[in-house]
Amino acid sequence: MEIGEANKVVDHPRHPYTRALIEAIPVADPAHHVEEIVRLQGEPASAIDTPPGCRFKNRCPFATNKCAEEPPLVGDTHRVACHFPLPHDVLEVS
């Protein structure tokens, strides 16, 4: 769903799925707190019968009709397969 330099993808995820995966990593610091955690709902897309549009649309909290109809375009440097990528500053992992 997202390709780029490892530290940029991990420190500043742009795809909701990448963000959810990173937020699921346990942190052994009781003071660590993430303000807004993305909770994944729904069923994963079939790997055999690939649906039209975005493969993550059934689980994405930001999905719209556009996501069901058109596959997302991918950028150039920090590539994100999403019609509505998250801003660079949504999650900063320290």
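In this predicted model, a polar atom of the His-83 side chain lies 2.7 Å from the backbone oxygen of Glu-70. His-83 sits in the segment after strand 2. With a relative accessible area of 18%, His-83 counts as buried, because the cut-off for that class is under 20%. His-83 is also among the residues that line the largest cavity.

**Surroundings of His-83**
- Apart from neighbours within four places in sequence, His-83 is in contact with Lys-66, Cys-67, Glu-70, Pro-71 and Pro-72.

**Cavity**
- The chain holds 1 cavity of 30 Å³ or more.
- The space in the largest cavity is about 70 Å³.
- By class, the lining residues of the largest cavity divide into 8 nonpolar, 1 polar and 1 charged.

**Helix 2**
- Helix 2 spans residues 16-23 and is mostly covered, with 6 of its 8 residues buried.
- Those buried residues are Pro-16, Thr-18, Arg-19, Ala-20, Ile-22 and Glu-23.
- Strand 1 (2-3) and helix 1 (6-11) are included in what covers them.

**Chain as a whole**
- The secondary structure comes to 3 helices and 2 strands.
- Read from the N terminus, the elements follow the order β-α-α-α-β.
- Of the 94 residues in the chain, 28% are buried.
- Among contacts with a separation of 6 or more, 43% join residues 24 or more positions apart.

**Confidence**
- The chain has a mean pLDDT of 79, and 81% of its residues reach 70 or more.
- Helix 3 (residues 65-69) has the highest confidence, at 92, and strand 2 (residues 79-80) the lowest, at a mean of 84.
- Where pLDDT is low, predicted coordinates should not be read in detail.

Terms used: Residues numbered from 1 in each chain as written. Predicted model: local features only at pLDDT ≥ 70, side-chain atom pairs only at ≥ 80, totals over all residues. Heavy atoms only, no water. pLDDT = per-residue confidence, 0-100. Helix = DSSP H or I, 4+ residues; strand = E, 2+ residues; numbered from the N terminus. 1 Å grid on protein atoms, 1.4 Å probe; cavity = no way out; pocket = protein on both sides within 12 Å on 5 of 7 lines; lining within 4 Å. Points joined across faces, edges and corners; volume = space filled by probe spheres on them. Nonpolar A, V, L, I, M, F, W, Y, C, P; charged D, E, K, R; others polar. Buried < 20%, exposed > 50% of the residue type's maximum accessible area, 1.4 Å probe, protein only. Contact = heavy atoms within 4.5 Å. Polar contact = N/O pair within 3.5 Å; in protein donor to acceptor, adjacent residues only side chain to side chain.
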